[in-house]
Amino acid sequence: MRPVIPYVTAALLFGLGVYGVLRRRNAVLVLMAVELMLNAVNLILVTADTTVRAALPHGGQVFALFVIVLAAAEIGVGLAIVLQLYRLRATVAVDEVPLTERPEPAGSPEHSRPESAERPEEAAR
């Protein structure tokens with residue numbers, strides 16, 4: 001078997017995934033691009049396993065199974081984060097996510113406290 005075709009296909013898939021991660025604004029599409037990159041890695045692992053016989057028999061296929069399990073866990077956690085982001089912000093645009101501050105919910109106890117309760121040292125003076 002000529003390994004050039006699967007390697008080129010994997011490189012194209014990985015390049016398309018990198019482009020998707022760097023250029024997309026929608027979080028779901030970013031997750032899909034990460035899946036493309038993981039599938040490219042799986043293709044390389046299986047191709048290397050069939051062309052190069054190393055000390056471990058079927059080592060590439062075992063690693064590909066681990067990558068598939070990792071991808072399934074990543075999608076589960078990623079979609080949960082995206083759904084929570086949509087509930088809080090009503091958008092899944094990656095550009096609009098603040099990375100430095102944590103939003104306070106509207107009904108939190110900090111919003112209902114009076115000013116004197118926030119700073120007890122100033123209220124005692």
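This is a predicted model: local features need pLDDT of at least 70, side-chain atom pairs count only at pLDDT 80 or more; totals for chains, interfaces and linings use all residues.
Colleague: What does the secondary structure of the chain come to?

Modeller: The chain has six helices and zero strands. Along the sequence, the pattern reads α-α-α-α-α-α.

Colleague: How confident is the predictor, and which elements have the lowest and highest mean pLDDT?

Modeller: The average pLDDT of the chain is 81, and 78% of the residues score at least 70. Among the elements, helix α5 (residues 115–118) has the lowest mean, 54, while α1 has the highest, 94.

Colleague: Let us turn to α2. What should helix α2 span, and what is the distance between its end C-alpha atoms?

Modeller: Helix α2 covers residues 27–51, and its 25 residues should span 36 Å at 1.5 Å a residue. Its end C-alpha atoms are 36 Å apart, which agrees.

Colleague: What is found at the start of α2?

Modeller: There, a side-chain oxygen of Asn-26 comes to within 3.3 Å of the backbone nitrogen of Val-28.

Colleague: Which residues of α2 are buried?

Modeller: They are Ala-27, Val-30, Leu-31, Ala-33, Glu-35, Met-37, Leu-38, Ala-40, Asn-42, Thr-47 and Asp-49. What covers them includes α1 (4–23) and α3 (59–89).

Colleague: Asn-42 is on that list. Why does Asn-42 count as buried?

Modeller: Its relative accessibility is 10%, and buried means under 20%. Asn-42 therefore counts as buried.

Colleague: Which residues is Asn-42 in contact with, leaving aside its neighbours within four places in sequence?

Modeller: Asn-42 is in contact with Ala-64, Val-67 and Ile-68. Among the buried residues of α3 are Ala-64 and Val-67.

Colleague: Then on to α3. Which of its residues are buried, and what do they pack against?

Modeller: The buried residues of α3 are Gly-59, Gly-60, Ala-64, Val-67, Ala-71, Gly-78, Val-82 and Leu-85. These residues pack against α2.

Colleague: How many residues does α3 have, and what does it reach from its first C-alpha to its last?

Modeller: Helix α3 has 31 residues and reaches 44 Å, close to the 45 Å expected at 1.5 Å a residue. Just after α3, Ala-90 takes a positive phi of about 60 degrees.

Colleague: Back to the whole chain. What share of the residues is buried?

Modeller: Of the 125 residues in the chain, 21% are buried. The accessible surface comes to about 9,500 Å², and 67% of that belongs to carbon and sulfur atoms.

Colleague: And what share of the contacts with a separation of 6 or more comes from residues 24 or more positions apart?

Modeller: Such residues account for 54% of those contacts.

Terms used. Residues are numbered from 1 along each chain as its sequence is written. Side-chain values use heavy atoms; hydrogens and water are left out. Helices (H or I, at least four residues) and strands (E, at least two) are DSSP runs, numbered from the N terminus. The expected span of a helix is 1.5 Å times one less than its number of residues. Buried means under 20% relative accessible area, exposed over 50%, partly exposed in between (1.4 Å probe, protein chains only). Contact means heavy atoms within 4.5 Å. A polar contact is a pair of N or O atoms within 3.5 Å; within protein, one must be able to donate a hydrogen and the other to accept it, and residues adjacent in sequence count only if both atoms are side-chain atoms. pLDDT is the predictor's confidence in each residue, from 0 to 100. Accessible areas come from the Shrake-Rupley method with a 1.4 Å probe; for residues, only the protein chains shown count as cover.
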